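Please consult the sequence and the model shown here while reading.

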Amino acid sequence: MPKAQSYKQIETMPQIAAEKSTPYGLRTYVSLFSSAGVGCYGFKEENFYCVATVELLERRLKIQSYNQKCTYESGYISGDLTTKEVKDKIFVELDLWEKWYSVNHLDVLIATPPCQGMSVANHKKKDELKRNSLVVESIKLTKKIKPKFFIFENVRAFLTSICTDIDGKDKPIKQAIDYNLSGVYNIHCQVLNFKDYGNPSSRTRTLVIGVRKDLKEITPLDVFPDQQPERTLRQIIGHLPSLKKMGEISESDIYHNFRRYAPHMENWIADIKEGQSAFDNEDHTKIPHSVKDDVIIYNARKNGDKYTRQCWDKVAPCIHTRNDIMASQNTVHPTDNRVFSIREVMLMMSVPDSFKWSDIPFEKLNKMTAKEKQVFLKKEEMNIRQNLGEAVPTVIFRQIAHKIRKVLSQKEYTEPEITALIEKKKLVENGNLLKFISENKTMNFAMLSKIAELANAQRYNNAAYYTRQDICFSIVKSLPEAKTYTSLNILEPSIGVGNFLPVLINKYKSVPTVNIDVVDIDKNSIELLKELIKKIYVPDNITINYINADFLLHSFEKHYDIVVGNPPYMKITKEKELLAIYKANVFNRDTNNIFAFFIEKVISLGNVVSLIVPKSLINAPEFNNTRALMSKNKIERIIDFGEKGFKGVKIETICFIIKTKIKPSTTVIESYITDSVQQHEQSYITDNSFPYWLIYRNSDFDIVAAKLQFNLFKAYRDRSITKAHTKDKGKIRVLKSRNIGSNEIIDIPDYDCYIDDVSTLDVAKFLNQKNCYLLPNLTYNPRACALPKNCITDGSVAIITPIDESTKITKNDLAFYATDEFTEFYAVARNMGSRSLNIDNNSVFFFGKLKN
């Protein structure tokens, strides 16, 4: 990387513009509460550029500059992140990188806020809400900057600790993260011990990774560090020379030093063996103590790991900030009578030799005299040790950085490219497709399953609803946690090519016994799935059972903990006998769409059920009974994908998560349309006062609702009139949607049309009738007027008539529909839909009369 430049140089001399033409592109990050930059050094090693780094203490920020973390000096920001001044400096740097290098979207935001209010090592906790508010500052900046990825790292208790959120309410940090960020990000939170993920020492921490939802096929799991075998302390530091003499400093490494302590304390640890504490000494004179007025006062043993000698052949202990004293936790060397040296601690924290603690070159430090070295260490050692104790292990962030760079650079095949590949390789033939999947060594599971799904679709000439991995993750993340179960039965009722399996396996890999039953009516899909499964790791505790059957007709012998999937969306119109069989035992017989039958059956089979289904479920009259059945259970979450769920397919979808054994309480609404997450009482959004669920209902909606008297009209549309029926002139005018204004008919040249004979049209029954009013169909720009004489309408306009003929509708009532107030109300009433906007006998409910 180039050396840091001054701000003046920035204005005239971009230093790294050539990077934009590299195969991987320019990758950038911002680091908050960055301390000495030990963790972030992993991003530097993976050639990420630091746009800005924020740290309160100047002495720590200097260490970052020694390592040339930032390209420009102005990127080193020292100060309190809660202040406007410091935040403004971050945005100055972001603007600078956008100007010079076209970095319109920051790649990564890292935040590791101080953890004193959460740490189990802090015995002096009081009211730490103010300190924990630094977490909220991280959330605020993430919301505003909107990086592609964000990473929060903190102590084990991070997610359950209380913070004062943006809305001023105290809540667990996990809830604050979810409500503020999961509208824009897919987020994975996990408490893990870094020793199992490549770090040489034990360090149980919380890692939170968010991936922006517009990054298709990328989930937080794709960038999590890899699980790896743990290593022993001997493997990590056993090669370093022993230090027997107090104050000794290795000639070849100034950081491999014997830190001095009070000489009388050596006797306390001299005789203890690996794993023993000085408190275990049988000789009471060797138990840690002080003497006051000739009275021995034994030290308190608050932690069982004080003055404890470590074991060569076990994992290295967790490194704490006070790793300089024996009275701290697990600091005594396995052999020598001393605490671990700086170098040993660095190795235990995976800090590479190239990391610099001083602007003095390492070689020059080692050439100093013994006294000069002592002076240097006296000045710098405590700062170094404290920074190491607070750091994120470098190897953890390096793995994440490497994976982010990889997923951002991977080729994304377009649907035309996949179609061309299918044609070239003749993958519509199942044998060819099986061979292609088996022999392919370069494409991942997601890419191969997408090819298989599209090849199947061409074979059967049906709509392909390939479920992307990021969509699967957004659903599975909200299913019950693995720790809930000791054994687990999962059902996927329409498995297809198994899109849900990778995230399900990852989520539940720690459950001792997992059985996943997968069902599909197509035997070819089952064969393909068996081949695709070979592309992912399936732990021994997970068993996949394949069932080739019609889910709706198959008899299941067990109840399931979880049922999750994406059933087919299709109406049965020709196979009357099959439809009759399907409907024989269902509650809702008003629909022929089989996804509604799937809903009923999975509710009967599972404790937690989740399906992706068309958004019309929420409001269409044909699903009134289905909604009634669902509402009897706890609707845990509804995810509104809008049209973003399936690329290239113009269909709105939602996902629901229902807990069938729990009474209704609250429901979380996660929206890809508004990029928001809200929580309401389930009864509020499924209120029977309205004809269907209102998942975006809010206080503004309620204010307008209070002004109106509802359920006054019935709706009618005649969709039989086409251009073939109309002409430029005629006896009777045919009004279309653009002709409808607020209390007026709008004449539009070259648009208006007429008809002479309406005797064969059903809409003729409204010709010259009173109390008929017009509403344009399929619009979020509502307006209304009376039906004029000698006019009818085509299917783009709904004719609404009072249910009670005595109802008097005024021009003021009609004019209200065209106001901004009603328009916003109506968007909520239509659940922000883009496709399901027909005026029908459900939606016409909301066109009310103003109360007196």
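## Helices α20 and α22

Helices α20 and α22 cross in a left-handed manner. The model is a predicted one. Helix α20 covers residues 594-605, and its axis lies 10 Å from that of α22, at a packing angle of about 20°. Because angles under 35 degrees count as roughly parallel, α20 is described as roughly parallel to α22.

On the α20 side, the contact is formed by Ala596, Ile599, Glu600 and Ile603, while α22 contributes Thr626, Leu629 and Met630. Sorted by class, the contact of α20 with α22 comprises five nonpolar residues, one polar residue and one charged residue.

Helix α22 spans residues 624-631 and includes Ala628. The relative accessible area of Ala628 is 36%, so this residue is classed as partly exposed. Between the C-alpha atoms of Ala628 and Asn739 there is a separation of 38 Å, and the two residues are 111 positions apart along the chain.

## Helices α3 and α11

Two packed helices are described by the angle between their axes and the distance between the axes. For helix α3 (residues 58-66) and helix α11 (residues 370-390), the axes come within 11 Å and the crossing angle is roughly 80°. Since angles of 65 to 115 degrees count as roughly perpendicular, α3 is roughly perpendicular to α11.

By class, the contact of α3 with α11 has three charged residues, three polar residues and one nonpolar residue.

## The enclosed helix α16

How many of the eight residues of helix α16 are buried? Eight of the eight are, and therefore this helix, residues 469-476, is largely enclosed by the rest of the structure. The buried residues in α16 are Gln469, Asp470, Ile471, Cys472, Phe473, Ser474, Ile475 and Val476.

A search covering the whole structure returns zero disulfides. For Cys772, the closest cysteine sulfur belongs to Cys785; the distance is 11 Å, which is too far for a bond. The cut-off for a disulfide is a pair of cysteine sulfur atoms within 2.5 Å. Cys791 likewise takes part in no disulfide, and the nearest cysteine sulfur to that residue, again in Cys785, is 9.1 Å away.

Are Cys772 and Cys791 buried or exposed? Cys772 counts as buried, because its relative accessibility is 4%. Cys791 has a relative accessible area of 7% and is buried.

Where is Phe33 placed? The residue lies in the loop between β1 (28-32) and α2 (41-45). With a relative accessible area of 14%, Phe33 is buried.

Ser35 is also found in the loop between β1 and α2. Although Ser35 is not a glycine, its phi is positive, at about 50°. The relative accessible area of Ser35 is 11%, so this residue is buried.

How values were computed. Residues numbered from 1 in each chain as written. Predicted model: local features only at pLDDT ≥ 70, side-chain atom pairs only at ≥ 80, totals over all residues. Heavy atoms only, no water. Helix = DSSP H or I, 4+ residues; strand = E, 2+ residues; numbered from the N terminus. Buried < 20%, exposed > 50% of the residue type's maximum accessible area, 1.4 Å probe, protein only. Axes fitted to C-alpha atoms, helices over the stretch in contact; angles between N-to-C directions. Parallel < 35°, antiparallel > 145°, perpendicular 65-115°, else oblique. Left-handed = near helix turned anticlockwise from the far one by under 90°. Contact = heavy atoms within 4.5 Å. Nonpolar A, V, L, I, M, F, W, Y, C, P; charged D, E, K, R; others polar.
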